[in-house]
Amino acid sequence: MAGLVDPVLVALWLMLPAYIGNMIPVFVGGGAPIDFGKNWRDGRRILGDGKTWRGIILGPILAALFTFILQWLSLNTSWGETFPSWGPSPWWFAIAYALALGALVGDATKSFFKRRTGRKRGDRWIPFDQLDFVVGGLVFGLLAGVLLQVSGATPSNTFLDIFTWPRVLVILLLTPALHLLVNFIGYKIGAKDVPW
Ligand code: CTP
Ligand code: MG
């Protein structure tokens, strides 16, 4: 059992930029919505008031800055024996930023389809609310890894070096449960209006 804990924690650790990026807008979001309050052809909001510019701009920047601390821990303390870093400096920053930006682009893309199904802002839509940011984060992270390699910045795809298939599988399987738990806590401490 103990032998399984470490690989699982490593997978979740690597995904922290996406998790944090997805969480920050809850605290710093608000202001102008990305769709500027406009409706789609069906008369419903394009994205809704839950997707704001402040959230999608500040979320990835703050998440990437936070990853700076994690990256430092991985490189300079015994944490590094267990937890890998996001790649060579300074390119790890691009991977971390892409993971967080992708999380929020995935989240906004989900909201587009959520509105089309007639669900209002904050309504629950399992499992899409739980997976949008994981899928978005992984896709953008992969794109960043490809761009870094193709441009010659990194000799290999540093995203694929750390996001191995078993880790991706762990992330996809465990994130929905984690998301529900974190949101329940967020609701209890008053940061969120609904417990999902
Ligand atoms: N948020 C934001 N900007 C974003 C994403 C999120 O300001 N780009 C903030 C909003 O205050 C939002 C909260 O974070 O209400 C929680 O995000 P989420 O659960 O993704 O949004 P919902 O309000 O549930 O909206 P939707 O139904 O469209 O998912
Ligand atoms: Mg929601």
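Tutor: Helices (H or I, at least four residues) and strands (E, at least two) are DSSP runs, numbered from the N terminus. The model is predicted, so local features need pLDDT of at least 70 and side-chain atom pairs count only at pLDDT 80 or more, while totals for chains, interfaces and linings use all residues. Residues are numbered from 1 along each chain as its sequence is written, chains are lettered from A and ligands numbered from 1 in the order in which they are written, and side-chain values use heavy atoms, with hydrogens and water left out.

The part to look at is helix 3, which covers residues 53-76. Start with the loop that lies between helix 2 and helix 3, where Phe36 is placed. Phe36 is not a glycine, yet its phi is positive, at about 50 degrees.

Next comes the pairing with helix 2, residues 16-28. The axes of helix 2 and helix 3 come within 8 Å and cross at roughly 130 degrees (axes are lines fitted to C-alpha atoms, for helices over the stretch in contact, and angles run from 0 to 180 degrees between N-to-C directions). Helix 2 is therefore oblique to helix 3 (under 35 degrees counts as roughly parallel, over 145 as roughly antiparallel, 65 to 115 as roughly perpendicular, and the rest as oblique).

The contact residues are eleven nonpolar, four polar and one charged (Ala, Val, Leu, Ile, Met, Phe, Trp, Tyr, Cys and Pro count as nonpolar, Asp, Glu, Lys and Arg as charged, and the others, Gly among them, as polar).

Helix 3 also pairs with helix 4, residues 92-116: their axes come within 8 Å and cross at roughly 140 degrees. These two helices are therefore oblique to each other, and this crossing is right-handed too. Among the residues that meet here are Ile56, Pro60, Ala64 and Phe68 of helix 3, with Phe93, Tyr97, Leu101 and Leu104 among those of helix 4. The contact divides into 15 nonpolar, four polar and no charged residues.

Finally, the loop between helix 3 and helix 4 holds Pro90. A cis peptide bond, with omega about 0 degrees, joins Ser89 to Pro90.

Note on methods
A crossing is left-handed if the near helix is turned anticlockwise from the far one by less than a right angle, and right-handed if clockwise. Contact means heavy atoms within 4.5 Å.
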